[in-house]
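I opened a new page to keep track of what I look up here.

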Protein chains: 2
Amino acid sequence: MFDEKKLVSEILGRNKNITDVFFAACGGSLNDLFPVHYFIESESKKLHSMCKPARELVLIDSPRWNENSITFVLSHSGNTPEAIEAAKVAKKNGSFVIAITNDKNSKIDDSSLYDDLIVYDWGTSVSHKDVPMGIEFRIVNEFLHQTEEDYAKYDDMLDGFDQIDSIIENAKNIQKDSAAKFAQKYRKQPFLYILGSGASTSQAYGFAICSLMEMQWMDCAYINSAEFFHGPFEVLQDDKVFIQCINAGKTRVLDERSRDFIEKYHGQLEVIDANKFGMDKIKDTVVDYFNPFVFYEMGVLYRDELSEKRGHQTDFRQYMGKVDYSYKSDVE
Amino acid sequence: MFDEKKLVSEILGRNKNITDVFFAACGGSLNDLFPVHYFIESESKKLHSMCKPARELVLIDSPRWNENSITFVLSHSGNTPEAIEAAKVAKKNGSFVIAITNDKNSKIDDSSLYDDLIVYDWGTSVSHKDVPMGIEFRIVNEFLHQTEEDYAKYDDMLDGFDQIDSIIENAKNIQKDSAAKFAQKYRKQPFLYILGSGASTSQAYGFAICSLMEMQWMDCAYINSAEFFHGPFEVLQDDKVFIQCINAGKTRVLDERSRDFIEKYHGQLEVIDANKFGMDKIKDTVVDYFNPFVFYEMGVLYRDELSEKRGHQTDFRQYMGKVDYSYKSDVE
């Protein structure tokens with residue numbers, strides 16, 4: 001059982017003057033980091049945060065990436081070259097590196113690459129507080145609790161983690177029929193848009209790039225609900241297909257606004273509304289940060305239903321892990 | 001003539017302890033702010049920066065958005081409701097607000113909404129140092145010069161501004177034939193991808209959402225070159241169309257990698273390479289930050305050529321400014 005109190009004590013034991021947090025990963029793993037970055041941006045008075053594709057972070061090598069920082073490096077396989085590079089640079093810069101992986105015997109399991117290595121289990125039976133996003137939220141929640149006097153959401157976050165698993169089970173049951181109908185109707189759809197916002201920006205994006213592009217080879221695009229009205233909406237016609245993720249919490253108004261517009265102008269609209277799944281069991285103060293858990297699972301649900309109707313297995317790849325797309329690293 | 005020295009003196013005269021910069025805008029204007037946010041993330045030891053769609057920034061209302069911050073609010077029309085909201089919240093939070101607009105007689109021209117109002121000219125004859133992105137870069141460059149001893153790129157940035165106009169003229173001439181051929185060949189293309197990275201992430205994104213979705217009603221999607229290998233590349237087949245923006249500078253390796261892969265696996269690939277336009281006239285230390293100026297203009301060039309071949313005027317809208325999509329603001 002991962003113990004965030006112990007880890008935070010270890011970090012603060014080494015350096016009480018932490019000012020920055022860096023988040024480095026790629027693709028689906030990057031999407032698991034973004035909501036925690038968003039949490040820091042929204043809640044911390046003292047910490048500043050930067051979240052980028054791992055190799056971009058390495059190439060930028062911000063002057064603030066130093067001994068007063070914590071770095072989260074997440075790689076499911078533990079072998080992602082960009083993540084390994086980021087861990088190397090973070091260590092060289094003196095950052096406290098928390099490496100997170102599903103595979104204990106992978107390349108990231110090298111003590112020169114991290115200060116703390118967290119190995120998580122993966123599968124439908126694992127609680128959402130023990131998946132990477134849950135672990136990262138718990139670490140930052142604990143860190144803010146121990147270092148910022150004004151931070152008042154500690155218990156609300158812990159309580160949220162006691163609720164989220166049953167909410168997600170609920171969500172899967174409630175949304176399953178819609179997902180199956182959507183898959184039947186749009187199994188041959190050449191292209192569609194996925195809209196979302198706020199903390200689950202990255203899950204709407206991941207719905208597009210991981211669930212549909214990677215695992216179904218379907219063309220699609222992610223659009224931020226708030227940005228929809230500043231360009232993208234001009235493509236709206238009655239033959240265009242949109243999946244609208246609607247958050248619970250503060251940013252809900254952004255998602256409702258794009259939903260209403262698409263409805264009014266007769267777009268083909270699939271709505272996934274977090275408020276229908278019992279999110280009111282989570283305190284208003286922190287409900288925003290639990291949307292990403294819900295929308296990750298919704299991406300999986302729609303992907304699986306599409307897989308059934310399209311006869312395209314979700315683990316079938318043409319390039320990933322099959323052809324060479326390595327690159328020459330400049331990091332020593 | 002806008003004087004950034006005077007503005008920076010005014011900011012520092014009021015508060016020498018600036019720690020944070022906030023960037024608030026929507027759509028095309030947001031894309032003009034992002035590269036300057038990226039510049040701060042890459043170069044500043046002291047400043048931290050947050051750049052979001054204006055209304056999302058308002059809803060988050062970060063605890064660091066306070067009297068020790070500067071806020072850039074950009075609205076071309078000066079009437080964008082989300083930008084006006086952001087200016088209100090920024091002022092209420094005690095931030096030093098720099099409002100930037102093309103229209104002196106717009107809603108943002110209200111002294112309760114800003115500390116400094118900058119009105120810029122717009123058109124092909126205006127130097128890139130005097131468009132919003134140029135103005136913002138000059139302000140931040142001056143600010144870093146006056147406040148951070150280690151900041152050593154001040155003169156290189158100023159020199160870059162002396163070069164960028166002729167580089168862009170060059171770029172337009174060099175790329176025009178390719179853009180015309182692309183427009184002829186792909187005038188009926190139902191969907192395409194645009195890839196880019198680094199400082200011009202927002203210009204590749206803007207190429208998609210402004211130049212093509214808004215002004216040509218064409219379906220397309222932006223993908224970060226670094227993220228391409230972590231999901232998106234599985235859609236690659238020989239009938240898929242990609243426009244690859246290739247930066248000069250540090251992040252070039254990201255763009256070259258996706259270009260090479262698309263080429264190898266026979267995607268239909270249009271390359272726009274900043275290095276072909278004379279970017280070597282700009283110092284290596286700062287060349288990254290001038291890519292966005294180039295790729296903004298490339299989006300315009302391809303849009304205009306597509307407009308000619310598709311018979312779709314670039315100022316024709318079905319929704320923007322024509323139908324009601326207002327929202328009820330909670331900001332007083």
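Before starting, I noted that helices here are DSSP runs of H or I with at least four residues, numbered from the N terminus. I also noted that this is a predicted model.

**Entry: an alanine in a helix**
I looked up B:A54 and found this residue in helix α3 of chain B, which covers residues 54-60. Is B:A54 buried or exposed? Its relative accessibility is 0%, so B:A54 counts as buried. I then listed its contacts, leaving out residues up to four places away in sequence: B:A54 touches B:A24, B:A25, B:C26, B:E82, B:A83 and B:A86. I also checked B:G27, which is 27 residues from B:A54 in sequence and 9.6 Å from it in space, C-alpha to C-alpha.

**Entry: a covered strand**
Next I turned to strand β4 of chain B, residues 96-101, where six of six residues are buried. I sorted them by face: B:F96, B:I98 and B:I100 lie on one side, with B:V97, B:A99 and B:T101 on the other. Strand β3 of chain B (residues 69-75) pairs with β4(B) in the parallel sense, over six bridges.

**Entry: two packed helices**
How do α1(B) and α5(B) pack, and at what angle? Helix α1 (residues 4-14) and helix α5 (residues 132-147), both of chain B, pack at about 55°, with their axes 9 Å apart. The two helices are therefore oblique to each other, and their crossing is right-handed. The residues of this contact divide into six nonpolar, two polar and four charged.

Note on methods
Residues numbered from 1 in each chain as written. Chains lettered and ligands numbered in written order. Predicted model: local features only at pLDDT ≥ 70, side-chain atom pairs only at ≥ 80, totals over all residues. Heavy atoms only, no water. Axes fitted to C-alpha atoms, helices over the stretch in contact; angles between N-to-C directions. Parallel < 35°, antiparallel > 145°, perpendicular 65-115°, else oblique. Left-handed = near helix turned anticlockwise from the far one by under 90°. Nonpolar A, V, L, I, M, F, W, Y, C, P; charged D, E, K, R; others polar. Buried < 20%, exposed > 50% of the residue type's maximum accessible area, 1.4 Å probe, protein only. Pairing = 2+ DSSP bridges. Contact = heavy atoms within 4.5 Å.
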